[in-house]
Amino acid sequence: MGIGDGSSNVNWQSVPKEIRDETTPLLPVKVEEDNEFHEFDGASFSGAVFNLSTTIVGAGIMALPASIKMLGIIPGILMIIIVALLTEASIDMLVRCSHQGKITSYGWLMGEVFGQWGRIALQASVIINNVGVLIVYMIIIGTIKLSILLTCPLLLILLLIFERDVLSGTTSAGVHHCGILEGWFGVHLWNSRPIVLLATAFLVFAPLVSFKRLDSLRYTSALSVALAVVFVVITAGIAIIKLFNGTVAMPKLFPELDGLNSIWNLFTAVPVLVTAYICHYNVHSIDNELEDRTQIKPIVRTSLVLCSSVYIATSFFAYLLFGEGTLDDVLANFDANLGIPFSSVFNDIVRVSYAAHVMLVFPIVFFALRLNLDGLLFPTSRHISRDNKRFAIITVSLLMVIYLAAILIPSIWDAFQFTGATAAVLIGFIFPTMVILRDSYGIATKRDKILAVTMIVLAVVSNAVALYSDAMNIFRRKEVA
């Protein structure tokens with residue numbers, strides 16, 4: 001399962017018969033099991049858009065309102081748009097180089113351009129990024145078996161039973177925000193954070209991540225995006241009603257700067273914005289499954305427009321609704337009286353719809369994590385989908401690590417700042433620009449190289465400042481304590 005295995009057999013004009021590269025984020029479009037072939041005939045434009053959009057829109061939507069609060073509405077929205085444009089540019093760099101070199105995965109491309117260490121660097125970055133993202137998902141989303149959820153909508157209510165932030169509650173800025181179970185039954189051991197997360201891991205994630213093909217979840221991507229839109233529509237509706245009633249304060253348009261420290265703090269929003277757009281590890285897999293591979297660029301563009309619209313609407317209306325009380329995890333804001341009729345009902349609908357959305361995103365990100373970890377640990381072994389023992393051990397081990405980390409990490413803001421300032425910026429900006437600057441395939445233009453250098457400088461400077469600011473804030477909190 002080496003980085004170049006099977007490359008000579010790839011039919012570039014059609015869907016590849018088999019992708020053997022261990023760094024391919026998702027499973028092959030054609031695999032052999034028990035001497036039988038199961039072939040996928042090719043994804044449609046709309047299906048690819050939903051799959052990529054589902055990869056993008058995850059837990060980042062919950063942390064973006066806090067970024068808007070920090071940056072102000074105008075700079076915040078501009079940053080969302082700028083990061084989207086830079087993401088499109090970086091993906092375009094990867095796609096053009098891959099098509100020119102007839103390469104079918106991000107890891108394979110890094111290995112071809114930079115050798116074995118390039119591949120390993122990419123794999124390690126995907127592992128760090130996806131572990132961080134899945135920890136956030138574990139914190140946020142609820143539990144219910146997907147097949148039951150899709151066949152019996154009434155059981156969606158059961159999603160509330162095991163959801164950590166929704167039911168066991170969350171703590172932000174020293175204030176505990178009660179979950180629904182705590183509100184209904186009081187604080188008990190059975191609805192504590194560790195027990196709720198343990199139930200989440202074994203009752204929902206274990207069944208979902210047991211699928212060996214992404215195609216098994218092909219119908220959930222559209223539902224996932226729709227649920228994110230439901231969250232946006234309800235939040236926007238409540239904010240508009242309160243705006244007409246005159247019960248919301250005027251949000252700040254620009255950040256309030258009262259010293260050097262406040263300027264440094266602005267940079268902590270950058271990693272959150274970067275993480276919100278990281279989807280590069282799935283682009284090649286989606287590209288490989290297309291009936292017409294020339295569609296990948298409009299697919300990327302359409303997905304980014306869709307996701308940016310969702311991000312801007314969510315950030316704006318959530319900040320308008322909660323103002324300076326917007327928490328790092330805005331989901332925690334939906335546990336109080338919203339000042340409208342049926343407030344508690346809307347609170348529950350918002351949290352359930354978003355929790356269900358992220359639940360459907362989890363297995364897609366997990367597939368990429370599992371395959372990259374397997375490729376890093378067992379680069380010469382056969383594909384993990386054909387080794388049930390290795391598949392089970394890696395799957396269970398990853399779930400255990402994510403579960404333990406989700407208990408220990410206090411805030412999704414902390415997780416996003418760490419992964420966004422390290423692995424996410426490498427995957428999304430540093431590695432693609434390094435590939436285009438190396439120009440192994442002779443396709444880089446002068447504009448490409450200028451843009452690549454600019455992206456590297458912006459990424460390194462902004463994230464270095466963000467890490468410095470995060471470290472200083474940690475030291476200050478310890479001094480106060």
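Biologist: Where is Leu-253 found, and why is it called partly exposed?

Modeller: In this predicted model, Leu-253 is found in the loop between helix 10 (220-244) and helix 11 (260-266). Its relative accessible area is 36%. Buried means under 20% and exposed over 50%, so Leu-253, at 36%, is partly exposed.

Biologist: Which residues form a nonpolar patch on the surface with Leu-253?

Modeller: The patch is formed by Ile-74, Leu-78, Ile-82, Met-250, Leu-253 and Phe-254, and together they have about 590 Å² of accessible area. A patch residue needs over 30% relative accessible area; Leu-253 has 36%.

Biologist: What makes Tyr-277 and Tyr-311 an edge-to-face aromatic pair?

Modeller: A search of the whole structure finds five aromatic pairs. For Tyr-277 and Tyr-311 the centres are 5.3 Å apart and the planes are at 85 degrees.

Biologist: Why does Tyr-311 count as buried?

Modeller: Tyr-311 has 0% relative accessibility, and buried means under 20%, so Tyr-311 counts as buried. Tyr-277, at 1%, also counts as buried. Tyr-311 touches Ile-56, Val-57, Gly-58, Ile-61, Leu-64, Ile-80, Ala-276 and Tyr-277, not counting residues up to four places away in sequence. In the largest nonpolar core, which has 120 residues, Tyr-311 is among those with the most contacts, with Ile-56, Ile-61 and Phe-231.

Biologist: Why is Phe-317 called buried, and why is Phe-316 called partly exposed?

Modeller: The two form an edge-to-face aromatic pair, 5.1 Å centre to centre with 80 degrees between the planes. The cut-off for buried is under 20%. Phe-317 has a relative accessible area of 19% and is therefore buried, while Phe-316, at 27%, counts as partly exposed.

Biologist: What makes Glu-88 and Arg-301 a salt bridge?

Modeller: Their closest N and O atoms are 2.9 Å apart. The rule asks for a side-chain nitrogen of Lys or Arg within 4 Å of a carboxyl oxygen of Asp or Glu, so the pair qualifies. By this rule the count comes to seven salt bridges. Glu-88 is in helix 3 (residues 73-101) and Arg-301 in helix 14, 213 residues apart. Glu-88, at 22% relative accessibility, counts as partly exposed, and Arg-301, at 42%, is partly exposed too.

Biologist: Which parts does the salt bridge of Arg-390 with Asp-374 tie together, and are these residues buried or exposed?

Modeller: The closest N and O atoms of Arg-390 and Asp-374 are 2.5 Å apart. Arg-390 lies in helix 16 (residues 388-408) and Asp-374 in helix 15 (residues 343-377), so the pair ties together parts that are 16 residues apart in sequence. With relative accessible areas of 10% for Arg-390 and 0% for Asp-374, each is buried, because buried means under 20%.

Biologist: Why is helix 13 called mostly covered?

Modeller: Helix 13 (residues 280-289) has 10 of its 10 residues buried. Among them are His-280, Ile-286 and Glu-289. Ile-286 is touched by Asn-51, which lies in helix 1 (residues 45-56). Asn-51 is itself buried, because its relative accessible area of 15% falls under 20%.

Notes. Residues are numbered from 1 along each chain as its sequence is written. This is a predicted model: local features need pLDDT of at least 70, side-chain atom pairs count only at pLDDT 80 or more; totals for chains, interfaces and linings use all residues. Side-chain values use heavy atoms; hydrogens and water are left out. Buried means under 20% relative accessible area, exposed over 50%, partly exposed in between (1.4 Å probe, protein chains only). Helices (H or I, at least four residues) and strands (E, at least two) are DSSP runs, numbered from the N terminus. A nonpolar core is a set of buried Ala, Val, Leu, Ile, Met, Phe, Trp, Tyr and Cys residues joined through side-chain atoms within 4.5 Å. Contact means heavy atoms within 4.5 Å. Patches are made of residues with over 30% relative accessible area and no salt bridge: like charges are joined within 9 Å, nonpolar side chains (Val, Leu, Ile, Met, Phe, Trp, Tyr) within 5 Å. Accessible areas come from the Shrake-Rupley method with a 1.4 Å probe; for residues, only the protein chains shown count as cover. Rings of Phe, Tyr and Trp (its six-membered ring) pair if their centres lie within 6.5 Å; planes under 30 degrees apart count as stacked, over 60 as edge-to-face and the rest as tilted.
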